[in-house]
Amino acid sequence: MLLTLLSHQWKSFWRSRNAGKNLAVQIFMGFISLYLLLSALAIGFFLQKLIKELYPGQDISTVFCGFILYYFSFDILVRFLMQDLPTLSIQPYLIQNIRRSQLIRFLNVRSLFTILNLVPILLFVPFTLTNIAPVHGTLAATGFIISILALIVFNHFIVLFIKRKSIISSWWYVGFFLVIAAFITTDYFNLFSLSKLSASVFSRMLIHSWLAIIPLLMAVLAFINNYRFLLNNLFLEDIVAKGKKRVSSDYSFLNRFGTIGELIGVEIRLILRNKRPRSIVLMTVVFLFYGLIFYKQVYFEKEMFGMLLFGAIFITGLSISNYGQFLFAWQSSHFDGLMAGNLNIKAYIKSKFLLFTSVCTVVLLITSFYGLIDWRILLIQLAAYFYNVGIHTVLAIYLATYSYKGIDIGKKAAFNFQGIGAAQWIYSLIVFLIPILIYLPFSLLLNPWAGIVALGIIGLVSLLLQDWWVDLLSKEFMKRKHRILEGFREK
Amino acid sequence: MITVHNIGKLYTGKLVVDVQQLEIKEGEIVGLVGNNGAGKTTFFRLLLDLIKADRGEILSKEKNVAASENWKQYTAAYLDEGFLVDYLTPEEYFYFIGKLNNRSKADVDEFLKSFESFFDGSVLKSGKYIRELSKGNQFKVGIAGCLLQKPEMLILDEPFANLDPTTQMRLLKMLREIHAQNRITIFISSHDLNHVTDISTRILLMEKGKIIRDLHTTDDTLKELEEYFKV
């Protein structure tokens, strides 16, 4: 039975994907996967050397043990963003003589075949065989490998479970990211150390191999949990689609902005009610914590403000670039209606500016907590903010007028290349290159602060010129309006 | 109201719309008929400046639609679902359209009351986003969205195709009433010869992009059309 289902799945894959999809994208994805696997394998084999160089004088096994839980926590986050929910259009099978439990077992087994499960094996198993086995014995190595495999399975099914749950209620989403954020923050400020925990757990396991039973148990529980949840929610899609009562929402605070406010209200609903923009926004929120990695004390001590500025632009501007790369394409499904409606193009462009500026301002306020690391980061972020609202927004809107590919906003966001064309690649390049070009001459000729101030001032001036930009961008938009419309209609 | 000068649109080397001269006067109800691929929808798109003409121009109140945005203020159109913001509830959509046309919420609510029988209880307060409505109900939302704008010029692409018989009758009645009250210009395409001859004051017959007949509707028009479409 399992084999028949598998063959159906195989057919559905080849017959649908290859039908209309871009072969180049497939090949590209193949290369990326291969590259990832090879890197994992290489790191796996050279881990010993790496540890020796990075942590000289420390016991290799202990460092390695401290690293394991770190990896698997990171793994959960990556999986959450990238792992597909295994789906099989089960309708045609439900009325056939197949037991439900068989269908579910199939879904679960099939889902295990993902590159995400292969990476940790390639990463950890070689090291275990070459370093743990000779030093601590075969039993210890076996225990290690079992726990690695068990952790993979645990992560796999726990992520599937959380993802399914968050389809039903978005609070699971929020909760998940809050927990992750809490972990990262406490770890950063040394309140709680994941690596210490990891080191102590796995060092103990080196001596008492039977402890491997704990991760094994976790894996089994995660599997059973997921299995039971699926059994009770086999018709999940139907329940979600039909059972939920949709309520009109009212953003009356936008009223005073007139038409522009109304346009923003519609756009907020677009983000909240459609999968792809919603996950883009969630990713953006996750990336706000990027500063914990980016803002290193060393940079402050050595006054490497260029690096810090780059980080600040990234953090305060990511909301714009993530959303802005598809600026008009988000609305591709009803662009005809927008353009035929009683809507002034200038007002439309203005609404984009206002949306960007308000989101960016909120981001600036939130990220001001990085001031705790060093107060100077506040000034750097302020300069980055002015660049983003003053210049980045203009670039985003300008380049959007060259983007002719529509997207389906109901699809997932990670690894989704629909709607990505040359305009998107150029966009990311330009947006982060320009501030460097402004910063460098000032910082080299005078000092880093001059570069930062210059960037801030240029951004501010550009912001004050916004009305002028609106006129210019409206004209640019009108030049290519028909091409955009045509492209969006094709999809 | 509408003047067409030598408009032409090419797709892959073929002229899909090729109209030399056409004048539509204020207050006319014009029905556009023709088989699939005759160029009806493309013609409407040109009229709404949604595609670029390869030659010629269309004037709305003496202004080129491709050069000025003026026409948007008095023109309302519904061609397909691409005109609906499908992740909104019908109410939100109506308020949005209302806002674009400077109509207050209370105004919109008042207007929607008169649509209760047209919606037949399955559109307003349905607890659904527009994308979850049936095709027929989506069409009702689109048409109501048009009328909400109090247009002087109304363009509908095959309005009868997705509606149930009762609603078709209601729509005919409604269009006639609005026309009688405000003398608006209506431009509709349809495959339903009965309905379209019933309501139109003038019929344009399209074939391969050209308007091959321009008929003032009389009692014989239906017969003439049936003769043309006969297999």
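Predicted model: local features only at pLDDT ≥ 70, side-chain atom pairs only at ≥ 80, totals over all residues.
Figure 1. The place of A:D336 is in helix α17 of chain A. Once its neighbours within four places in sequence are left aside, A:D336 is in contact with A:L485 and A:R489 of chain A, and with B:L50, B:L79, B:G82 and B:F83 of chain B. In sequence A:D336 and A:R489 stand 153 residues apart, whereas in space their C-alpha atoms are 8.1 Å apart.

**Figure 2. The side of chain A that touches chain B.** Across the interface, 24 residues of chain A are in contact with 27 residues of chain B. Three helices of chain A, namely α12 (258-273), α17 (335-340) and α22 (466-490), each supply at least two residues of the side that touches chain B. Of the elements on this side of chain A, α12(A) gives the most, with six residues. By residue class, the side of chain A that touches chain B divides into seven nonpolar, 10 polar and seven charged residues.

**Figure 3. Chain A and its two assigned domains.** The secondary structure of chain A comes to 22 helices and zero strands. The domain assignment of this chain gives domain 1 as residues 22-243 and domain 2 as residues 252-490, and the centres of domain 1 and domain 2 of chain A, taken over C-alpha atoms, are separated by 33 Å. Of the 491 residues of chain A, 32% count as buried. When contacts in chain A between residues at least 6 apart in sequence are considered, 81% of them join residues at least 24 apart.

**Figure 4. The largest nonpolar core and a second, separate one.** The largest nonpolar core holds 127 residues, and the members that touch the most other members are A:L309, A:I380, B:Y93 and B:I155. Helix α19 of chain A, residues 376-400, gives the most to this core, with 13 residues. Apart from its neighbours within four places in sequence, A:I380 is in contact with A:F305, A:L308, A:L309, A:A312 and A:I452.

**Figure 5. The four-stranded open sheet of chain B.** In chain B, four strands form an open sheet in the order β2-β1-β4-β5, with antiparallel pairing. Strands β2 (14-24) and β5 (63-64) of chain B stand at the edges and have a single partner strand each, so one side of each is left without a neighbour in the sheet. β1(B) and β4(B) pair in the antiparallel sense over five bridges, and B:I2 stands opposite B:S60 in β4(B). Helix α1 of chain B, residues 40-47, lies across β1 (2-11), β2 and β4 of chain B, and runs at about 60° to β2(B).

Figure 6. Strand β4 of chain B, residues 55-60, pairs with β5(B) in the antiparallel sense over two bridges. Along this pairing, B:L59 stands opposite B:N64 in β5(B), while the bridge partner of B:S60 in β5(B) is B:K63. The two strands, β4(B) and β5(B), form a hairpin with two residues between them, and B:K61 in the turn has a positive phi of about 50°.

**Figure 7. The six-stranded open sheet of chain B.** Another open sheet of chain B has six strands in the order β6-β7-β8-β3-β9-β10, with mixed pairing. At its edges stand β6 (75-78) and β10 (210-216) of chain B, each with a single partner strand, so one side of each is left without a neighbour in the sheet. Direction ignored, neighbouring strands of this sheet are turned by 15° against each other on average. Strand β3 (residues 29-33) and strand β8 (residues 185-189) of chain B run parallel and are joined by four bridges, and in β8(B) the bridge partner of B:G31 is B:I188. Helix α5 of chain B, residues 135-148, lies across β6 and β7 (153-157) of chain B, running at about 180° to β6(B).

Key:
Residues numbered from 1 in each chain as written. Chains lettered and ligands numbered in written order. Core = buried A, V, L, I, M, F, W, Y, C linked by C-beta atoms within 7 Å. Buried ≥ 20, exposed ≤ 12 C-beta atoms within 10 Å, placed from the backbone. Contact = placed C-beta atoms within 7 Å. Nonpolar A, V, L, I, M, F, W, Y, C, P; charged D, E, K, R; others polar. Domains from an automatic or database assignment. Pairing = 2+ DSSP bridges. Axes fitted to C-alpha atoms, helices over the stretch in contact; angles between N-to-C directions.
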